[in-house]
Amino acid sequence: MKEYVTNSYEETVALGESVAKKLKKGSVVAFIGGLGMGKTAFTTGLAKGLGIDADVSSPTFAICNTYIGSENTLYHFDMYRVDGWDDLYSTGFFDFLDTGAYMAVEWSENVYGALPEDSLIVEISKKDENSRLFKIYLKSEVEE
(Lines give C-alpha, C1' and ligand atoms only; values in the text may rest on other atoms or scores of the structure.)
Protein backbone atom coordinates (compact mmCIF):
# COMPACT_ATOMS: atom_id res chain seq x y z
CA MET A 1 0.00 0.00 0.00
CA LYS A 2 1.18 3.48 -0.83
CA GLU A 3 -0.07 6.63 0.84
CA TYR A 4 -0.20 10.15 -0.56
CA VAL A 5 -1.49 13.45 0.76
CA THR A 6 -2.83 16.17 -1.50
CA ASN A 7 -3.63 19.70 -0.38
CA SER A 8 -5.61 21.01 -3.35
CA TYR A 9 -7.71 20.07 -6.36
CA GLU A 10 -4.65 20.59 -8.58
CA GLU A 11 -2.51 18.23 -6.50
CA THR A 12 -5.25 15.58 -6.63
CA VAL A 13 -5.43 15.88 -10.41
CA ALA A 14 -1.63 15.59 -10.60
CA LEU A 15 -1.69 12.44 -8.44
CA GLY A 16 -4.30 10.87 -10.71
CA GLU A 17 -2.22 11.76 -13.76
CA SER A 18 0.87 10.18 -12.22
CA VAL A 19 -1.01 6.99 -11.33
CA ALA A 20 -2.48 6.73 -14.84
CA LYS A 21 0.97 6.64 -16.40
CA LYS A 22 1.77 3.45 -14.43
CA LEU A 23 -1.46 1.55 -15.18
CA LYS A 24 -1.55 -1.47 -17.44
CA LYS A 25 -3.99 -1.42 -20.35
CA GLY A 26 -7.57 -2.08 -19.28
CA SER A 27 -7.02 -1.38 -15.57
CA VAL A 28 -9.91 -0.86 -13.19
CA VAL A 29 -9.43 1.97 -10.67
CA ALA A 30 -11.96 1.65 -7.85
CA PHE A 31 -12.60 4.52 -5.45
CA ILE A 32 -13.69 4.24 -1.84
CA GLY A 33 -14.61 7.51 -0.16
CA GLY A 34 -17.55 9.74 0.64
CA LEU A 35 -18.95 12.85 -0.98
CA GLY A 36 -16.47 15.59 -1.78
CA MET A 37 -13.38 13.45 -1.25
CA GLY A 38 -11.83 14.06 -4.68
CA LYS A 39 -12.88 11.02 -6.71
CA THR A 40 -13.80 13.06 -9.78
CA ALA A 41 -10.67 15.24 -9.45
CA PHE A 42 -8.54 12.08 -9.36
CA THR A 43 -10.41 10.78 -12.42
CA THR A 44 -9.68 14.07 -14.21
CA GLY A 45 -6.01 13.29 -13.63
CA LEU A 46 -6.44 9.72 -14.84
CA ALA A 47 -7.90 11.00 -18.10
CA LYS A 48 -5.03 13.47 -18.52
CA GLY A 49 -2.46 10.77 -17.80
CA LEU A 50 -4.07 8.50 -20.40
CA GLY A 51 -3.83 11.26 -23.01
CA ILE A 52 -7.54 11.99 -23.00
CA ASP A 53 -8.51 15.64 -23.32
CA ALA A 54 -11.99 15.77 -21.80
CA ASP A 55 -14.10 17.71 -19.35
CA VAL A 56 -14.51 15.06 -16.68
CA SER A 57 -17.67 15.28 -14.60
CA SER A 58 -19.30 13.05 -12.04
CA PRO A 59 -21.46 10.39 -13.71
CA THR A 60 -24.03 10.60 -10.91
CA PHE A 61 -27.05 10.77 -13.20
CA ALA A 62 -25.66 9.05 -16.29
CA ILE A 63 -24.20 6.13 -14.27
CA CYS A 64 -21.35 5.95 -16.84
CA ASN A 65 -19.51 8.70 -18.70
CA THR A 66 -17.23 7.77 -21.58
CA TYR A 67 -14.06 9.68 -22.38
CA ILE A 68 -12.31 8.82 -25.64
CA GLY A 69 -8.78 9.79 -26.58
CA SER A 70 -6.71 8.98 -29.64
CA GLU A 71 -5.24 5.87 -28.00
CA ASN A 72 -7.29 5.16 -24.87
CA THR A 73 -10.86 5.06 -23.63
CA LEU A 74 -11.90 5.65 -20.02
CA TYR A 75 -15.29 4.56 -18.67
CA HIS A 76 -16.20 6.51 -15.53
CA PHE A 77 -18.87 4.79 -13.40
CA ASP A 78 -20.87 6.01 -10.43
CA MET A 79 -22.17 3.04 -8.46
CA TYR A 80 -23.86 5.08 -5.73
CA ARG A 81 -27.37 3.98 -6.70
CA VAL A 82 -26.47 0.43 -7.70
CA ASP A 83 -28.32 -1.95 -5.43
CA GLY A 84 -27.69 -5.59 -6.26
CA TRP A 85 -26.49 -7.67 -9.17
CA ASP A 86 -29.42 -6.83 -11.47
CA ASP A 87 -28.65 -3.11 -11.17
CA LEU A 88 -24.96 -3.77 -11.78
CA TYR A 89 -25.65 -5.81 -14.91
CA SER A 90 -27.87 -3.03 -16.26
CA THR A 91 -24.97 -0.53 -16.09
CA GLY A 92 -22.98 -2.51 -18.66
CA PHE A 93 -20.12 -2.86 -16.16
CA PHE A 94 -19.31 -6.48 -17.04
CA ASP A 95 -19.41 -5.79 -20.78
CA PHE A 96 -16.92 -2.94 -20.40
CA LEU A 97 -14.46 -5.16 -18.50
CA ASP A 98 -13.78 -7.06 -21.72
CA THR A 99 -13.10 -4.02 -23.92
CA GLY A 100 -9.51 -3.31 -22.88
CA ALA A 101 -10.55 0.21 -21.89
CA TYR A 102 -9.69 1.76 -18.55
CA MET A 103 -12.40 2.02 -15.92
CA ALA A 104 -12.78 4.42 -13.00
CA VAL A 105 -15.45 3.29 -10.52
CA GLU A 106 -16.79 5.73 -7.93
CA TRP A 107 -18.63 4.29 -4.91
CA SER A 108 -16.96 0.94 -5.62
CA GLU A 109 -17.74 -0.27 -2.11
CA ASN A 110 -21.27 -0.88 -3.46
CA VAL A 111 -19.92 -3.37 -6.03
CA TYR A 112 -16.72 -4.50 -4.32
CA GLY A 113 -17.39 -8.20 -4.83
CA ALA A 114 -17.68 -7.70 -8.59
CA LEU A 115 -14.35 -5.89 -8.98
CA PRO A 116 -11.55 -7.85 -10.62
CA GLU A 117 -8.82 -9.01 -8.21
CA ASP A 118 -6.25 -6.81 -9.97
CA SER A 119 -8.32 -3.64 -9.47
CA LEU A 120 -6.41 -0.69 -8.11
CA ILE A 121 -8.20 0.52 -4.98
CA VAL A 122 -7.98 4.23 -4.19
CA GLU A 123 -9.25 4.83 -0.67
CA ILE A 124 -9.71 8.53 0.11
CA SER A 125 -10.22 10.19 3.48
CA LYS A 126 -10.35 13.81 4.56
CA LYS A 127 -7.49 15.14 6.67
CA ASP A 128 -8.85 18.69 6.85
CA GLU A 129 -10.84 21.09 4.67
CA ASN A 130 -8.42 20.92 1.72
CA SER A 131 -6.18 17.92 2.46
CA ARG A 132 -6.91 14.36 1.46
CA LEU A 133 -5.17 11.10 2.33
CA PHE A 134 -5.02 8.58 -0.52
CA LYS A 135 -4.29 4.93 0.24
CA ILE A 136 -3.62 3.08 -3.01
CA TYR A 137 -3.33 -0.70 -3.25
CA LEU A 138 -4.39 -3.70 -5.30
CA LYS A 139 -7.58 -5.45 -4.30
CA SER A 140 -5.66 -8.73 -4.20
CA GLU A 141 -3.41 -7.31 -1.46
CA VAL A 142 -6.16 -7.20 1.17
CA GLU A 143 -8.17 -9.90 2.86
CA GLU A 144 -11.90 -9.80 2.32
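Select phenylalanine 42 to begin: at 0% relative accessibility, this residue of the predicted model counts as buried, because the limit for that class is under 20%.

Display both side chains together. They form one of the 10 aromatic pairs that a search of the whole structure finds. The ring centres of phenylalanine 31 and phenylalanine 42 lie 5.5 Å apart and the planes meet at 75°, so the pair is edge-to-face. Colouring by secondary structure shows that the pair links distant parts of the chain: phenylalanine 31 belongs to strand β2 (residues 28–32) and phenylalanine 42 to helix α2 (residues 39–49), 11 residues apart.

Next, select Tyr75, Phe77, Trp85, Tyr89, Phe93, Phe94 and Phe96, which ring pairs link into a cluster.

The charged end of lysine 39 sits over the ring of tryptophan 107, 4.5 Å from the ring centre.

Finally, turn to the largest pocket, which holds about 230 Å³ of space. To outline this pocket, select Met1, Lys2, Tyr4, Val19, Lys22, Leu23, Leu120, Ile136, Tyr137, Leu138 and Glu141. Strands β1 (2–6) and β7 (132–138) are the elements that give two or more residues to the lining, and β7 gives the most, with 3 residues. Colouring the lining of the largest pocket by residue class separates 8 nonpolar residues from 3 charged ones, with no polar residues.

Note on methods. Residues numbered from 1 in each chain as written. Predicted model: local features only at pLDDT ≥ 70, side-chain atom pairs only at ≥ 80, totals over all residues. Heavy atoms only, no water. Phe/Tyr/Trp six-rings, centres within 6.5 Å; stacked < 30°, edge-to-face > 60°. Helix = DSSP H or I, 4+ residues; strand = E, 2+ residues; numbered from the N terminus. Buried < 20%, exposed > 50% of the residue type's maximum accessible area, 1.4 Å probe, protein only. Lys NZ or Arg CZ within 6 Å of the ring centre and 35° of its normal. 1 Å grid on protein atoms, 1.4 Å probe; cavity = no way out; pocket = protein on both sides within 12 Å on 5 of 7 lines; lining within 4 Å. Points joined across faces, edges and corners; volume = space filled by probe spheres on them. Nonpolar A, V, L, I, M, F, W, Y, C, P; charged D, E, K, R; others polar.
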